[in-house]
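Me: Got a structure I'd like to walk through with you. Can you take my questions as they come?

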Amino acid sequence: MTTLQDTPTVALPEAAPRPRARRMVRYGKELAKFGIVGGSGVGVNFVVFNLLLHGLGWGAMTATVLASCIAMGTNYLGFRFFAYRDRDKRTKQQILLFFVFSGIGVAVESGLFYVAYHGMAMDGPLGSNLAKAGSIVLASAFRFLVYRTWVFQHDAQRA
């Protein structure tokens, strides 16, 4: 008489994740890392913006542009060494592309801020921060697409 314990077990192979599922997981991780670095950059952007505009009384456009530029510098370090550290290391070209596209992002963000701050009279402390937040969100969509597509590209052998 054979018991259940005497019956040999056969290990079934685990199904390998499908390529589309792997891509979605990789994309989700990339988006999360972008969010972490971007979130810290947003924090820097808001602190500098509020310090300059409401603390020191600087002009709104000067405060928003300078805050965005300072955040751009801190974001480069976060993207290069955290979010996209697995990407191709084309240092000079990568830095140039990052700052060109970031400069375009600052222009987009500043233009949107200008419209809200001056055109929609969002010039008080709450309104200026809402204008800043809206402009950051819209400009960040642009930044995410260009950073992942042109600045921090996958190494051709690993893609």
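Me: Before we go on, what sort of model is it, and how are residues numbered?

Reply: This is a predicted model, where local features need pLDDT of at least 70 and side-chain atom pairs count only at pLDDT 80 or more, while totals for chains, interfaces and linings use all residues. Residues are numbered from 1 along each chain as its sequence is written, and side-chain values use heavy atoms, with hydrogens and water left out.

Me: OK. How many helices and strands does the protein have?

Reply: There are 4 helices and 0 strands, so the order from the N terminus is α-α-α-α, going by DSSP runs numbered from the N terminus (H or I, at least four residues, for helices; E, at least two, for strands).

Me: What share of the contacts links residues 24 or more positions apart?

Reply: Of the contacts with a separation of 6 or more, 73% are between residues 24 or more positions apart. Contact here means heavy atoms within 4.5 Å.

Me: Let's do packing. At what angle do α1 and α4 pack?

Reply: Helix α1 (residues 19-55) and helix α4 (residues 125-151) pack at about 145°, and their axes are 10 Å apart. The axes are lines fitted to C-alpha atoms, for helices over the stretch in contact, and angles run from 0 to 180 degrees between N-to-C directions.

Me: Is that crossing left-handed or right-handed?

Reply: The α1/α4 crossing is right-handed. The convention: left-handed if the near helix is turned anticlockwise from the far one by less than a right angle, right-handed if clockwise.

Me: Which residues make the contact?

Reply: On the α1 side they include Y27, F34, F46 and F49, and on the α4 side they include I136, R143, F144 and Y147. By class, the contact of α1 with α4 has 12 nonpolar, 6 polar and 4 charged residues. In that count Ala, Val, Leu, Ile, Met, Phe, Trp, Tyr, Cys and Pro are nonpolar, Asp, Glu, Lys and Arg are charged, and the others, Gly among them, are polar.

Me: What about α2 and α3?

Reply: Their axes come within 9 Å and cross at roughly 145°, and α2 passes α3 in a right-handed crossing. The residues of that contact divide into 14 nonpolar, 8 polar and 2 charged.

Me: Which residues have the most contacts inside the largest nonpolar core?

Reply: F34, F79, Y84, F98, Y147, V151 and F152, in a core of 15 residues. α1, α2 (60-83), α3 (91-119) and α4 each supply at least two residues of this core. A second, separate core of 12 residues includes F49, A63, A116 and M122. A nonpolar core is a set of buried Ala, Val, Leu, Ile, Met, Phe, Trp, Tyr and Cys residues joined through side-chain atoms within 4.5 Å.

Me: Zoom in on F34. Why does F34 count as buried?

Reply: Because its relative accessibility is 10%. F34 is in helix α1 and, leaving aside neighbours within four places in sequence, is in contact with G39, F79, A83, Y84, S140, R143, F144 and Y147. F34 and Y84 are 50 residues apart in sequence and 8.5 Å apart in space, C-alpha to C-alpha.

Me: And what does Y147 touch?

Reply: Not counting residues up to four places away in sequence, Y147 touches F34, F79, Y84, F98, F101, S102 and F152.

Me: Is N75 buried or exposed?

Reply: Buried, because N75 has 12% relative accessibility. N75 is in helix α2, and beyond its neighbours within four places in sequence, N75 is in contact with V37, G41 and F98.

Me: Last topic, the loop between α3 and α4. What's the phi of A121?

Reply: A121 has a positive phi of about 55° although it is not a glycine. A121 lies in that loop and counts as exposed because its relative accessibility is 55%. M120 is also found in the loop between α3 and α4, and M120 counts as exposed at 56%.

Definitions and conventions:
Buried means under 20% relative accessible area, exposed over 50%, partly exposed in between (1.4 Å probe, protein chains only).
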